Amino acid sequence: MPMLALLILFWLNFATAKPSLLAPTIEQWQVGEPDKEPVSVSGLFPNTFMDPTCSEEQKSKITSAWNGAKKLIEAQTSFDSSHDSVPHKTFFGFDWNVKGDTEAEYRTTKIVENNERAGKLFKGEVPDNEQFNFYCKDIEDNCDESETAAISWYKKKAGNQGFIQTTVFCPDFFDEVDNLEELIEQYKDKPDEQVKLELFEMTDAITFLHETYHYRVVHLNKPAILDYDSKAGDYDTGSSEDNWYLARDKGTIETSVNADSYVFVALVIYLQQTFKTSNIALPEDMRGKNPSERESLGVSWLGRR
Ligand SMILES: [Zn+2]
């Protein structure tokens, strides 16, 4: 089971409720005090603090993930999505950028705004009162859940001055997750592999960018971006295949509030720009089919549910 599945937020205990752009989401999570306060680090987001028990190797892995995520969000935000974008239609759904449906248009606007804030965050353009805490130890005892790579939450800072967004990087992140750039190098001369999306899913950059989309500073809780692919009950792995089905089945109603949907759009754009492939990378079962076939595949799958 792909690890991406379980990059969870605690809020997702509540995710059996139908997501709605109008529904309130859980605002914050009380965080236990760690043994040692995190210390300020540079080279990541502004106002980033790192668990002092992180080893140099762990810090290096987090930094590599951040650098990879930055490339992904740059691909995401530099891409012209104002048209019938194939990556967006594929992983946000066929109601991406449709005209004449006010609610769908609103969700497209929200997606664009969330991407723009994520892009600004990686450029360091973030309000001074926002803070980011990274831990290498499991301060809230959540990493033991199977195949959890990272977990994030946020809480309001004292005095109502901005938010602390916290990410715990679990042992699986350090032990099991590949480095995206190494895979890019590995497959640079292998065009048949460059369109196999599953090869690039369990990577550090993907994990990091996924967590970033959970940050309040990105979604402003209007509404929060959660994990509907892996926690809503019907989708249980968070793989690219599951996210492809989520887009077909739910469209932007759920993909606009689902972290992996954003991440897979960014990934397929980045892979296509990097490898200069004519087609975007897709999950195995969806490769080599034309869009109408893929659409009907989604409908037949709906019938099985
Ligand atoms: Zn998540």
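This is a predicted model: local features need pLDDT of at least 70, side-chain atom pairs count only at pLDDT 80 or more; totals for chains, interfaces and linings use all residues.

Trainee: How many helices and strands does the protein chain have?

Mentor: Start with the inventory. The protein chain has 13 helices and 5 strands. Its length is 305 residues, and buried residues make up 46% of them.

Trainee: What share of the contacts joins residues at least 24 apart?

Mentor: Take the contacts in the protein chain between residues at least 6 apart in sequence. Of these, 76% join residues at least 24 apart.

Trainee: Now the core. Which residues touch the most other members of the largest nonpolar core?

Mentor: That core has 73 residues. Leu72, Phe169, Leu209, Val263, Ala266, Leu267 and Val268 touch the most other members. Helix α12, residues 259-275, gives the largest share of this core, with 11 residues.

Trainee: Let me try one of those. What does Leu209 touch?

Mentor: Leave out residues up to four places away in sequence. Leu209 then touches Ala69, Leu72, Ile73, Val263 and Ala266.

Trainee: And Phe169? Which distance separates its C-alpha atom from that of Ala150?

Mentor: Ala150 and Phe169 are 19 residues apart along the chain, and their C-alpha atoms are separated by 4.5 Å. Ala150 belongs to strand β4, residues 150-156. Ala150 is buried, with 27 other C-beta atoms within 10 Å.

Trainee: Back to helix α12. How many residues does α12 have, and how far does it reach?

Mentor: For a helix, set its span against the expected value. α12 has 17 residues and reaches 24 Å from its first C-alpha to its last. That is close to the 24 Å expected at 1.5 Å a residue. After α12 comes Lys276, whose phi is positive, near 55°.

Trainee: Why is α12 described as largely enclosed by the rest of the structure?

Mentor: Count its buried residues. In α12, 14 of the 17 residues are buried, so α12 is largely enclosed by the rest of the structure.

Trainee: How many residues of helix α10 are buried?

Mentor: Helix α10, residues 240-250, has 10 of its 11 residues buried, so it is largely enclosed by the rest of the structure. Among the buried residues are Trp244, Tyr245 and Leu246, and also Glu241, Asp242 and Arg248. Gly251 follows α10, with a positive phi near 60°.

Trainee: How do I read helix packing? At what angle do α1 and α7 pack?

Mentor: Look at the angle and the axis distance, then at the residues. Helix α1, residues 56-78, packs with helix α7, residues 204-214, at about 75°. Their axes are 7 Å apart. α1 and α7 are therefore roughly perpendicular to each other. The contact includes Trp66, Ala69, Leu72 and Ile73 of α1, and Ala205, Phe208 and Leu209 of α7. Its residues divide into 8 nonpolar, 4 polar and 3 charged.

Trainee: At what angle does α1 pack with α12?

Mentor: Here the angle is about 90°, with the axes of α1 and α12 8 Å apart. That makes α1 roughly perpendicular to α12. Among the residues in contact are Leu72, Ile73 and Ala75 of α1, facing Val265, Ala266, Leu267 and Ile269 of α12. By class, this contact has 8 nonpolar, 2 polar and 1 charged residues.

Trainee: Now the loops. Where is Asn221 found?

Mentor: Asn221 lies in the loop between α8 and α9. Asn221 has a positive phi of about 60°, although it is not a glycine. With 15 C-beta neighbours inside 10 Å, Asn221 counts as partly exposed.

Trainee: Is the peptide bond from Lys222 to Pro223 cis or trans?

Mentor: Omega tells you. The bond from Lys222 to Pro223 is cis, with omega near 0°. Pro223 is found in the loop between α8 (216-219) and α9 (228-231).

Trainee: Is Ile225 buried or exposed?

Mentor: Count its neighbours. Ile225 has 27 C-beta neighbours inside 10 Å and counts as buried. Ile225 is found in the loop between α8 and α9. Its contacts include Asn114, Tyr213, His219 and Val257.

Trainee: What about Asn47? Where does Asn47 lie?

Mentor: Asn47 is in the loop between β1 (39-41) and β2 (48-50). Its phi is positive, about 55°, although Asn47 is not a glycine. Asn47 is partly exposed, with 19 other C-beta atoms within 10 Å.

Note on methods:
Residues are numbered from 1 along each chain as its sequence is written. A nonpolar core is a set of buried Ala, Val, Leu, Ile, Met, Phe, Trp, Tyr and Cys residues joined through C-beta atoms within 7 Å. A residue is buried if 20 or more other C-beta atoms lie within 10 Å of its own, exposed if 12 or fewer, and partly exposed in between; C-beta atoms are placed from the backbone. Helices (H or I, at least four residues) and strands (E, at least two) are DSSP runs, numbered from the N terminus. Two residues are in contact if their C-beta atoms, placed from the backbone, lie within 7 Å. Axes are lines fitted to C-alpha atoms, for helices over the stretch in contact, and angles run from 0 to 180 degrees between N-to-C directions. Angles under 35 degrees count as roughly parallel, over 145 as roughly antiparallel, 65 to 115 as roughly perpendicular and the rest as oblique. Ala, Val, Leu, Ile, Met, Phe, Trp, Tyr, Cys and Pro count as nonpolar, Asp, Glu, Lys and Arg as charged, and the others, Gly among them, as polar. The expected span of a helix is 1.5 Å times one less than its number of residues.
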